[in-house]
Amino acid sequence: MIYRYSYTTESSFSPEVTWHFFKLRAIPCTNEFQKVTDDCLEIRPSCLVSRATDGLGNAVQWGTISQGHSSFTVTSEGTVNQLLPYAIHESPEPYYIAPTRLTAWNDEMSAAALNKKKDGSVFDSARNIMRMVNKHMTYTPCLTTTETSAIEVYEDPRGVCQDYAHLMIALCRAAGIYARYVNGIIAGTGQTHAWVEVSDGNVWLAFDPTHNTMPEWGYVKIAHGRDANDCPTNRGRFYSWTTERQTVMCQLSPNIIY
Amino acid sequence: MEDLLKARDSVNQWMERFGVRFGVYKNGVFNEQLFPFDAIPRQIPADEWAMLEKGLIQRVKALNMFLYDIYHDKKIVADGVVPKEFTYESKGYMPECEGITPTHNIYAHIAGIDLVQAKDGRWLILEDNLRIPSGASYPMIARKVTRKAAPQTFRDNLIADNRNYGDMLREMMDYINDGRGINVILTPGRYNSAFFEHSYLAEQTGATLAFPGDMVVENGIVYYVGLYNQKERVGAIYRRVSDEYLDPLAFEPSSLLGVPNLMEAYRAGNVGVINALGNGVADDKGIYYFVPKMVKYYLNEEPILHNAPTYLPFFKEDFDYIINNVSKLVIKDVAEAGGYGVMFGRDMTPERLEEVKQLIIKEPRRWIAQEVVDFIDLDIIDETGKPSPRKCDLRAFVISGKETKVWKSGLTRFSRNPNSFVVNSSQGGGFKDTWVME
């Protein structure tokens, strides 16, 4: 299956800023189930963009704009070819089982998680946990922030995809299961999406607790990390007293070949 | 030494004028206090120092090899010498540092190793500080002032000169710099507890003292932006900002103390960072237990210096011992530093002991237990002008550049109260000069 993706974010500043530093994870990754066949990244105002791989294996694009500007636009577009069902055969790094600030758990959560753990496959347990998270939570935009932790979400079960993912990760890890945070693009939402990958020690499979499903096609992965803090799509820093307004627009559509 | 003791008051006045201060946060309020100096020096005989020097160099070499291994080959974990719970699940481990090779493979350029001398004369390691160990400036300046106040003392005694610390740092910084640009000391600013030291070390090494916002990264290169916006390339940064605040785009996004995208310049090998990032995995109280094993594993040598007897509740055998002997042990929280989270079993009520046991049962990985080491007292001159014994430790500074060297001095700290065992600048108390005899 071939997809066209596009990710656009626009920030406007008033008054204008100088010395703007940015770091993006705005290009889908290439792995055994998906391959980026062409990509185009455009930054306005134009500047030199360096590409590197971060410590977790994600592609990053970063740079500095030193002239004054009142708007900053990132447009990332390209084509992804998804070849296989969503599966990544890699042994998990040990840090995907340890708690982080956003994915720590309390006693109650660990009891709940262990209760959902099955003797059989790790993935059966993960599916149970995903169901529990999906039932427990009510999708509520604009309530939580990027700093909301899994414990907070467990106690006040309202939030967005990031919160669903953090809660599921915390519960998996509490049950001794490797889990990591993924961000990417899915069709139809206009926003970036977050889901979870779970490993049994050999292979990572995807779980989307927001939609209570194990995605196969149509989930284009950008980056992964221990939690959302490890792999933000766009992080910037500037030295000015200014107000920033940001909009994000994503699209994913099956490619129509003429 | 008479003239030195007599000069005590004038020495302390000099230090006050120099601004030898230590900032302490208490109940959220920042207070700068003088760091009281006691004129009676700790003296270490030449043969004893020779043994310490060998042992410290050995230990720091092993720690550097461990850090390289953890962020590259991971052999020590694969070989089962150190469990993953104490490395990859440790708070100090930073996945962002995976695959980064610092200039010349050095991680712990400046190591502050804390030791105590037991009553039987043996030196024991209390902890390793491999992130941003502070305190070298205090004995540096104390020596400078005491030499002025009591010159005769320094003619009569054969004391190793310690005024070369700035040179040692500079030599190491130049080696890490590799000719790429200027040397910079990055300070979080004047509200940091060790700001006095940052500015003093900049002066002593000839490095530029940089504040947050003075450096920018462009095209993968770090620049120091001067007064008139001229840019100078930076080759080595001796940073006194902790890892999580060093790059707001890589770590704590709210940090105002860091240099955005510094991590990318560092990853690309365009700048040396002193000390390397990610060193926390090698210096918390949990990994401490394994350092003698690292010496054997990497150097195939017997450790010259030993740890204080330590037990890890993580291991079944140690766990049983701790639960049965809590009342005579010291229990320490692995995550805490600066003398916080230290509990002496003998000071606890039976109820409290039971609580502590439950804490250990609940989170065995979080605690270590140590035998109370009966370490020697050194005399200080107290407020009444009389000698009075205090518990003292020694922070030795080990510099790893082209070679690994130990500074022939160190920071001897003493506890505030005669009956206190906690020796830490954050907890009050003062310091002494450390004389290495020749």
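**View 1. How much of chain A is buried.** In this predicted model, 43% of the 258 residues of chain A count as buried. Chain A holds 4 helices and 15 strands. Its radius of gyration is 19 Å, close to the 18 Å from the globule rule for 258 residues, so chain A is as compact as a globular protein of that length. Along the principal axes, its C-alpha atoms fill a box of roughly 60 × 45 × 30 Å. If you look at contacts between residues at least 6 apart in sequence, 74% of them join residues at least 24 apart.

**View 2. Two domains meet in chain A.** Domain 1 takes in 2-83 + 233-254, and domain 2 covers 87-230. Their C-alpha centres lie 25 Å apart. Where they touch, 20 residues of domain 1 are in contact with 19 residues of domain 2.

**View 3. The domain 1 side of that meeting place in chain A.** β15(A) gives the most, with 5 residues. By type, the residues on this side of domain 1 split into 12 nonpolar, 6 polar and 2 charged.

**View 4. An open sheet in chain B.** Here 4 strands line up in the order β13-β16-β14-β15, with antiparallel pairing. At the edges stand β13 (310-311) and β15 (342-344) of chain B; each has a single partner strand, so one side of each is left without a neighbour in the sheet.

**View 5. A strand pair from the chain B sheet.** β14 (residues 329-333) and β16 (residues 367-371) of chain B pair in the antiparallel sense over 5 bridges. Zoom in on Ile331(B), and its bridge partner in β16(B) is Ala369(B).

Notes: Residues are numbered from 1 along each chain as its sequence is written. Chains are lettered from A and ligands numbered from 1 in the order in which they are written. This is a predicted model: local features need pLDDT of at least 70, side-chain atom pairs count only at pLDDT 80 or more; totals for chains, interfaces and linings use all residues. Helices (H or I, at least four residues) and strands (E, at least two) are DSSP runs, numbered from the N terminus. The radius of gyration is taken over C-alpha atoms; the globule rule is 2.2 Å times the number of residues to the power 0.38. A residue is buried if 20 or more other C-beta atoms lie within 10 Å of its own, exposed if 12 or fewer, and partly exposed in between; C-beta atoms are placed from the backbone. Two residues are in contact if their C-beta atoms, placed from the backbone, lie within 7 Å. Two strands pair if DSSP finds at least two bridges between them. Domain bounds come from an automatic or database domain assignment. Ala, Val, Leu, Ile, Met, Phe, Trp, Tyr, Cys and Pro count as nonpolar, Asp, Glu, Lys and Arg as charged, and the others, Gly among them, as polar.
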